[in-house]
Amino acid sequence: MKLRTTLASSALALSLAFQAHAADVPEGVNLAEDQTYTFWLLDAIKSMDPQINTDVEGSDVLRNLFEGLYNEDGNGELVPGVALDHEVSEDGKTYTFNLRDDAKWSNGEPVTANDFVYSWRRLADPATASEYAWYMELMQVENAPEIIAGDKSPEELGIRAIDDHTLEVKITTPLPYFPQMLVHGSTFPVLQSVVEEHGDDWTDAGTLVGNGAYTLVEHQLGERVVMEKNDTYWDAENVVMEEIIALTINDVNQALTRYLAGELDRVDIPAGQYPRLKKEYPEQAVSTPYNCSYIYMLNVGDKGPEALKNVNVRKALAYAIDRDIIVDRILQGGQKPSYNWTHWAIADFERPELDWADNMDQAQRVEKAKELLTEAGYGPDNPLDLTLQYNTSEDHKKIAIAASQMLKQIGVNLTLDNYEWKVHTDRMQNQEYDMARYAWCGDYNEASTYLDLLTSYSGHNNGEFYNDAYDKLMKDSKTAEDPQPLYQEAEKILAEEMPIIPIYHYANVDMIAADIEGLPENNVNNTWYGKDLYRVAE
Amino acid sequence: MLSYILKRLAIAIPTLLLLIVISFLLMHSAPGGPFTSERELPPQVLANLNAKYGLDDPLWKQITTYVWGIVTEFDFGPSFVYKDRSVNEIIAQGFPITLTYGLLSFAVAVIVGVSLGVAAAVRHNSALDYAAVGVSIGAQVLPNFVMAPILVLVFTLWLGWLPGGGWQGPEYWIMPVIALSTSFMASIARITRSSMLEVLTSNHIRTARAKGLPERRVILRHALKPAMLPVISYLGPAFVAMITGSVVVDIYFSTGGIGKAFVDSALNRDYAVMMGVTILVGALTIFFNLVVDILYGWIDPKIRY
């Protein structure tokens, strides 16, 4: 109880203290004439509709066209967006948001609480058929599951406008990290009149009305997106970057060439090139932690191989992999090897001490792996044969080849199967695999976004790892005073049962133009906003 | 001739229908669907999506609804992946782009290729001939996905003369056209050359020369037309190869053309876009082959339809 009210009031205090101005240009800095920011997209933007969009690149664009209740600053902390602050009820199930009264849509109309009510209902509405409808369930908003199933109407969603600038949300279980979830694009407001007037065409350039710092000027599918500063944005006078352009370049090496030619301000560094680029362009090559984890998921369900049902086999497989080689010789991008599931840079999370990670070196782990395999009954006269499937990518292939060599050392014959991505995913979801390459990206900056995945009631538990103690820990963590110790216990269970083989935690490895400032340096979600950017004069 | 054309067009329709049905069935036989993703959708959400796009109907119903939509309203349906856009819109944006650089590449390949081939044949065994053949062989084996990055490296990064990609004006057309046309130009040059060499030894050319006609007239008026026959036969398959080549151009030069949509829609299981582009390409191929056959008849009076 006490912790929750403390959390609530500190959230209040934080947000009031942080009257975050858009671009924090320090004193005495000269701004360049040209305030255009051009960044790289791997693929075409699939949708400009916040409730329809499903991918990270779409979110990067949408965050500039729309604004949600809260934003994140360069360190991943929450700052006011449309909402100035909020109050939480004693039981942690009712949130009341105070919205600012100067927020406007790009057509001049004021942003009201109703706009959020409309967009949240829309997200859950079966008629919208959003692929992200489950996010409303994840937020535990009242009646979300029933509405998605079609048993209740969207009007019964646990959100209502008390008045134009006060929004009330009711959730079924208290979630300590609920405010963090509001940064996600699916919760952005949309203007009902525009959506209803134009239907599917409402997101076209020129028709799209947003409440973000920029408006959509041009969208050539597969070629470019152009956004221009929106003068009706409540903080427009502090927005320095005038124009934001996103160029779609389907080949990352080509994109790097064009970055070096000056056509882009930011691009991903192709795998393996970071050391060289860091040497040649030390100020431009950057590696920051990124909220995704790379693992080999083990099929411990009924359709999986007998061998994987033995915990000693699973541990042996995990111990034998030399993560340092993968991170230092193959990826070479500043990624960190992982011995647990939750990303190391997640706020407030600290990996508990794990025997196999902290008290053994790789040579000892390999020895132990051999022992465990022998105990399980495998050896030269009874070799262990397994398959590892991965989706098409040079990097996945290299890591898989390395893994197969490492496992060969302990006498495991690993067959590698490369599948096109949809086939790979389909097979995983039907449990048609032994070991499969898998990555999970967190939806918000808190450990449960990872740990919830391996509960028996999660819809994503493709390995079918069912553990009652683990389930209980995760259920209890929702109402605990401090969930962190429970998360650590959960990670310990994962280390004891080894349903997944952790390989590494992601990093964002980019080339960023030296004269661009304002991009987040410590935000594990890499949530950047065009309104925070500015270009410095030479 | 006219009845021949009408007959060909009449056969085109059942051909297209067969193409639609086979493509449709093949596509649906691949594992995975448009909504298969790492975040496995909860069953209810998936059910809502399938209902919205009619994917829970039996296959025969999906095909007939689809064909009916095309025949009655020319509506190719919504994209399952680019949900803001219909297939018509996607094709309307991408096709003119592909058509522009496609036609330009074709024109460049034919004009330059034929000229080079004729020049090489006329100056047989000269330095020009050897150079032309040498360059042709080199250009023919250089794949366009190697040439594209090299072009960008040279012209964008090193020289800074041309933009590295995009589609904002004529200067954006130059490198895609070069990348796409080069290997065809080389093939056309070699075919023209050998065909021309053969024609130049024929009787009617000897007669023309004996009559005292200037060499230029001999070549352009009497030799060129018959020499073009093998080139024209080559144009049919070349057209198809250029379509697949356009995928590479789209990827490397970010043109936003339809070639990439073709490949992407297969990988994304975006059934509607895939069908739309398949039909488009199928119709174009049929049409183009018809044009080639008519050209054939025009050039060679011995061929009568």
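**Helix packing, burial and contacts**

Author: Helix α6 (residues 144-158) of chain B packs against helix α9 (residues 215-253) of chain B at an angle of about 25°, and their axes are 10 Å apart. Helices (H or I, at least four residues) and strands (E, at least two) are DSSP runs, numbered from the N terminus. Axes are lines fitted to C-alpha atoms, for helices over the stretch in contact, and angles run from 0 to 180 degrees between N-to-C directions.

Reader: Before we go on, what kind of model is this, and how are its parts labelled?

Author: This is a predicted model, in which local features need pLDDT of at least 70 and side-chain atom pairs count only at pLDDT 80 or more, while totals for chains, interfaces and linings use all residues. Residues are numbered from 1 along each chain as its sequence is written, and chains are lettered from A and ligands numbered from 1 in the order in which they are written.

Reader: How are α6(B) and α9(B) oriented to each other?

Author: α6(B) and α9(B) are therefore roughly parallel to each other. Angles under 35 degrees count as roughly parallel, over 145 as roughly antiparallel, 65 to 115 as roughly perpendicular and the rest as oblique. α6(B) passes α9(B) in a right-handed crossing. A crossing is left-handed if the near helix is turned anticlockwise from the far one by less than a right angle, and right-handed if clockwise.

Reader: Which residues meet there?

Author: From α6(B), B:Asn144, B:Phe145, B:Ala148 and B:Pro149 meet B:Gly245, B:Val248, B:Val249, B:Tyr252 and B:Phe253 of α9(B). Two residues are in contact if their C-beta atoms, placed from the backbone, lie within 7 Å. By class, this contact has 7 nonpolar, 2 polar and no charged residues. Ala, Val, Leu, Ile, Met, Phe, Trp, Tyr, Cys and Pro count as nonpolar, Asp, Glu, Lys and Arg as charged, and the others, Gly among them, as polar.

Reader: And what about α4(B) and α11(B), at what angle do they cross?

Author: Helix α4 (residues 87-122) and helix α11 (residues 271-299) of chain B cross at roughly 50°, and their axes come within 10 Å. That makes α4(B) oblique to α11(B). Here too a handedness is assigned: α4(B) passes α11(B) in a right-handed crossing.

Reader: Which residues are involved?

Author: B:Val87, B:Ile90, B:Ile91 and B:Phe95 in α4(B) meet B:Ala272, B:Val273, B:Gly276, B:Val277 and B:Leu280 in α11(B). The residues of this contact divide into 8 nonpolar, 1 polar and no charged.

Reader: Turning to the two chains, how many residues are in contact?

Author: In chain A, 40 residues are in contact with 41 residues of chain B. On the side of chain A, the elements giving two or more residues are α5 (144-149), β10 (243-248), α8 (252-260) and α15 (421-429). The largest share, 6 residues, comes from α15(A). That side of chain A divides into 14 nonpolar, 13 polar and 13 charged residues.

Reader: What is chain A like overall?

Author: Chain A has 18 helices and 19 strands. Its C-alpha atoms fill a box of roughly 75 × 55 × 40 Å, taken along the principal axes. Of its 538 residues, 50% are buried. A residue is buried if 20 or more other C-beta atoms lie within 10 Å of its own, exposed if 12 or fewer, and partly exposed in between; C-beta atoms are placed from the backbone.

Reader: Which residues of α8(A) are buried, and what covers them?

Author: In α8(A), the buried residues are A:Gln254, A:Ala255, A:Leu256, A:Thr257, A:Arg258 and A:Tyr259. Their cover includes β1 (36-41), β11 and β17 (500-512) of chain A together with α6 and α9 of chain B. After α8(A) comes A:Gly262, whose phi is positive, near 90°.

Reader: How many residues of α2(A) are buried?

Author: Helix α2 (residues 56-65) of chain A is mostly covered, with 7 of its 10 residues buried. What covers the buried residues of α2(A) includes β8 (214-220), β9 (224-229) and β10 of chain A.

Reader: Last topic: is B:Phe74 buried or exposed?

Author: B:Phe74 is exposed, with 8 other C-beta atoms within 10 Å. B:Phe74 is in the loop between α3 (59-73) and α4 of chain B, and has a positive phi of about 55° although it is not a glycine.
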